[in-house]
Amino acid sequence: MPFGHLLIEGLAMGACYGLFGLAVVIIYKTSEVVNFAAGDMAMFSTFVAFHVLAVYGYPFWIAFVMSLVFAGLLGVFVEFFFLRPAKNPTILGLIVITIGAQLLLAGVASWKWGAEQQAFSIPFSYQVTYEIIPGLVISQWALAVFIISAVIMAFLYFFFKHTKMGTAMRATQQNKHAAKIMGIRTNRVFAFAWALSSVIGATAATLMSAKTILDPQFMMEPFLRAFAAAVLGGLMSIPGVLIGGGIMGLIENFFGYAWPAWKPITAFVVIVLVLCIRPSGLFGKHYVKKV
Amino acid sequence: MDLKKTVLTLLVPLFVLFLFTGNGHARGERGFDDNEIRIGQWGPQTGPAAPWGAVARGSKLVFDMVNDEGGIHGRQIRYFIRDDQYNPSQTMAAVRELVSRRGVFAFVGGVGTAPGLAVQNFLRQNEIIWVGVCSGAAAFHDNPWLWNIWPAYFDEGSILAKHAVENEGFEKIALLYQNDDWGLDAMAGIKARLELHGLELLTAVPVEPIERDLSSQVARLQASGAEAVIGIMAPTQAAISLRTAVSMGYQPQWLHSYNLCDFDLMNHITEGLWAREGVITAAFTESPYADTPQMIRYREAREKFAPEERWGMNYLAGIVVAEPLVWALREVGPELSTAAVRDALNSVTEFQEAGPVLTWTADDHRPPRSLRIWQCGPNGEYNVVQDWIENELVYEK
Amino acid sequence: MGIKRTYYEDIELFSSGTILFWTIVLLIALFGAPFFLSGYHLYLFSIIMVHVIVAVGLNILVGNTGQIALGHAGFFAIGAYGTVLLMTMLNLPFFAALIAAAFIAAFFGFILGLPALRLEGPYLAIATLAFGLAIMHIIGHTQIFGGRQGLAAPMLDIGIPQLGWSWMLFTETSLYYLILIITILMVLLAVNILKTRAGRAFVAIRDSEIAAEVIGINLTYYKTLAFAVSAFYAGIAGGLFAFVLGFFDPFTFNLILSVIFLVMVVVGGLGSVMGSVTGAALITYLMYDLFKNVNEVPVLGDLILHVSRNWLSAVGSMDNFNMIALGLVMIGIIIFEPLGIFGLWIRIKKYWKTWPF
């Protein structure tokens, strides 16, 4: 068994899932809505980068920054035009709105860029490899994934602990009405959460597209896995999500190596088993309802 | 009951009526009149399988060319494309709509095994001509109202294995396959061929068409030590597995299905690896850049009628499935009828335009059993390594 | 809507003469439909009715009991495969096979209900989603289920051929009537279930689990019951779907279908049976018909083609308009009225009742 390879690849893919899971978690943390449009929002932003790169011919970093800006605006747009106008919404109603947004974005993207697969390369190539210790080869792409997820996690940690906005977001999560009374404009907090989530999602999607293929469907499967990773990690804890993603990637790669036919569902089965024992995920605190 | 309630409650049935009285009932039983012949095709234009949608649009090119020349015996071809999202229940809806509301005369093509199987019985019972389903599944081969063009997946597997063993001299062969009729039929073909040479598949690794992370599958192939890997899967998975393999330093000879003989696309999405690795594929058409008069005519027509379309193999496949029907319609003459076209299609012998050599008789509508082998050249050329090899093995299920 | 003064008013099937009248009109229209509709429309109606059964069942779970479920395509698949396999392999008559398959689905529903005792919200969503994926995958990898190649339904015989009494349904029209009758029965059953002890227990669990437990509702029993009932509905619908389509493969029952089922219930209006019926009809109609071939619609088609040519790419992608329209309708309905179509109905009714004030 090529242990080292499976380990590195599993961790790298898992970090992508975890990173993308963060996008799901940030929105869930503020408004208890699972954003089913997260995958397609990220896909759309990646296509914007692709468009800038392929049609206008700008260098990668400009395209990437533009796609991140676009992702932020897209997040605000979805929140402002689709979620905010809903009066007295139920959580399920909001989820259906995000499903509608997902269909909308998928439709527009494949209308604009066509259904055919595209290649999208980033400066971190999967073909350039380094052998750190004998038998453990790591590609430039995997290295970039590790570094970027570590940076984003550190940033989020700092952000939620030490900035005004981060504190406001935590307050809004705990009690929306109390936060309002304390002078927090919760609407802005929601819009900001959507923008932040969308930007992180776009980063993850850009990394993933370089490993796989860019087409309007390319984030559907990763979204499911990211959502599952977030649930495994406990939905509330940010390091938990990355660890959940890592576990997910490792399970998929090791079980997938041993029983390739069952690769697509092993991770989900493991997650259900974990949830049977720990109903709020590995790192979530079990929330006890008070009467 | 008061007025308000009445008005309100009237709205609901009115709304329902409005919804379902759309385009009226143009029940054309015969599917044609003095001015037009109606022909339909389904294919995924949206959803995960949408890249195959170019097939349905490729057929349009042939009909546009026919219409441009003044139609067939004074009749223009009216062509309907329906999007089924590769979902059998949508295919059924599309086909019924075309049959019962538009009254189509014939269907051409139609991407996919499951969508095709879903409508096969309906079309057969209604005795509607159907030429060239885009699937090599054996379940289509004994339908008297379907004329097959796409080579059987069993033959494909057998011929790819034959080429790998006899011409390339490989003995260690592994398989990476999509787990459906396509992959399983091809696997049967490969096994039958290898058995003939006293060889065995080193390993056969399944892939789901939705998977995007194939590193564990490729690691398994690498661990088996195969020198050649036969791939039976969609372009996306083929590209991902090739890229993954290269990044692992694993460089076997890849042999792929005829569904992946679009070297332009594959080179694009593998960033040139397809050419660098010299991937071999099966094929059943002319090369898209061949200099035969036929292909030159098609390329010119494409620039005229559909300049926005990419000149790819899926598009060409659409052309291939439309050709025999156009030939048969011309052959029949002005006295058009379903029975006459059926007889004309049954009399097709050694017919070849852009596709394979076709021969059908009244009780044999099976596809040709020959394939060509192409190899991607260093600059993405379509090099013919071997022309038309026939598979002589028989599929025993 | 309206104050119920007595128990009998509450359990009445038709709360007013108007509703009774229009229900009868609708039934006459549905029974008369085959005489003036094309084969395509009969097929579309059949699909709609199959989806109605699933949505009504799912509503019992999602709308009335307050659980989330993203795996109903799995129960739907169990119904379809179960019915066909029991008929072809064990040689059971159609109705026996259909009901047995639905009970198998209900059993799986009960199993899935067990983790639901501890899980809620997104955790339950992932658990049910995993169930749906697992069913699809297991069927795809098991050759006796036909594998990924799919399975063809046999000829539909609703008699008991084993006893020499055969009643073949050859035409689409007879299949349509069969589905229509079963749909009506299932909808009536759902309306009645909600008015029984169990139905009220479901609602109590939705509103507050703790309060429900305090007043003596057995949570374990009723939660798993809700899952089982809703899976039973999906199983019946799946069995009928198998014959509407005649052929199906595991990918037909994918996650998207599960999500669409949930959307039907929410768009229709959580907790309302008629809402689920209209929601299923609307979403199915949008998916299968409306704007499906937008380029052939007179004015709109040209407009869209123009937009497409100038700003988007026109290479066969105009069909995406159907998906975009579906998304916009979903968003629009929920933004306008969180209770979905049922809420819209109540609003219109209120408006007219109090008009002009």
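This is a predicted model: local features need pLDDT of at least 70, side-chain atom pairs count only at pLDDT 80 or more; totals for chains, interfaces and linings use all residues.
In chain C, helix α11 (residues 255-268) packs against helix α15 (residues 340-354) at an angle of about 15 degrees, with their axes 3 Å apart. Helices here are DSSP runs of H or I with at least four residues, strands are runs of E with at least two, and both are numbered from the N terminus. Axes are lines fitted to C-alpha atoms, for helices over the stretch in contact, and angles run from 0 to 180 degrees between N-to-C directions. The angle therefore makes α11(C) roughly parallel to α15(C), a term for angles under 35 degrees, with over 145 being roughly antiparallel, 65 to 115 roughly perpendicular and the rest oblique. C:Val266, C:Val267 and C:Gly268 of α11(C) make the contact with C:Gly340, C:Ile341 and C:Phe342 of α15(C), contact meaning heavy atoms within 4.5 Å. These residues divide into 4 nonpolar, 2 polar and no charged.

Residues are numbered from 1 along each chain as its sequence is written, chains are lettered from A and ligands numbered from 1 in the order in which they are written, and side-chain values use heavy atoms, leaving out hydrogens and water.

I turn now to chain B. What is the order of the strands in its open sheet of 5 strands? The order is β2-β1-β3-β4-β5, and the pairing is parallel; two strands pair if DSSP finds at least two bridges between them. β2 (76-83) and β5 (146-147) of chain B each have a single partner strand, so one side of each is left without a neighbour in the sheet. Strand β4 (residues 129-131) of chain B pairs with β5(B) over 2 bridges, and B:Trp130 has B:Leu146 as its bridge partner. Helix α3 (residues 88-102) of chain B lies across β1 (36-43), β2 and β3 (106-108), running at about 150 degrees to β2(B).

Chain B also has an open sheet of 7 strands, in the order β7-β6-β8-β9-β10-β11-β12, with mixed pairing. Its edges are β7 (201-207) and β12 (382-390) of chain B. The twist averages 20 degrees from one strand to the next. Strand β6 (residues 173-178) of chain B pairs with β7(B) in the parallel sense over 5 bridges, and B:Ile173 stands opposite B:Leu201. Helix α8 (residues 235-247) of chain B packs on this sheet, touching β6, β7 and β9 of chain B.

Technical notes. Ala, Val, Leu, Ile, Met, Phe, Trp, Tyr, Cys and Pro count as nonpolar, Asp, Glu, Lys and Arg as charged, and the others, Gly among them, as polar.
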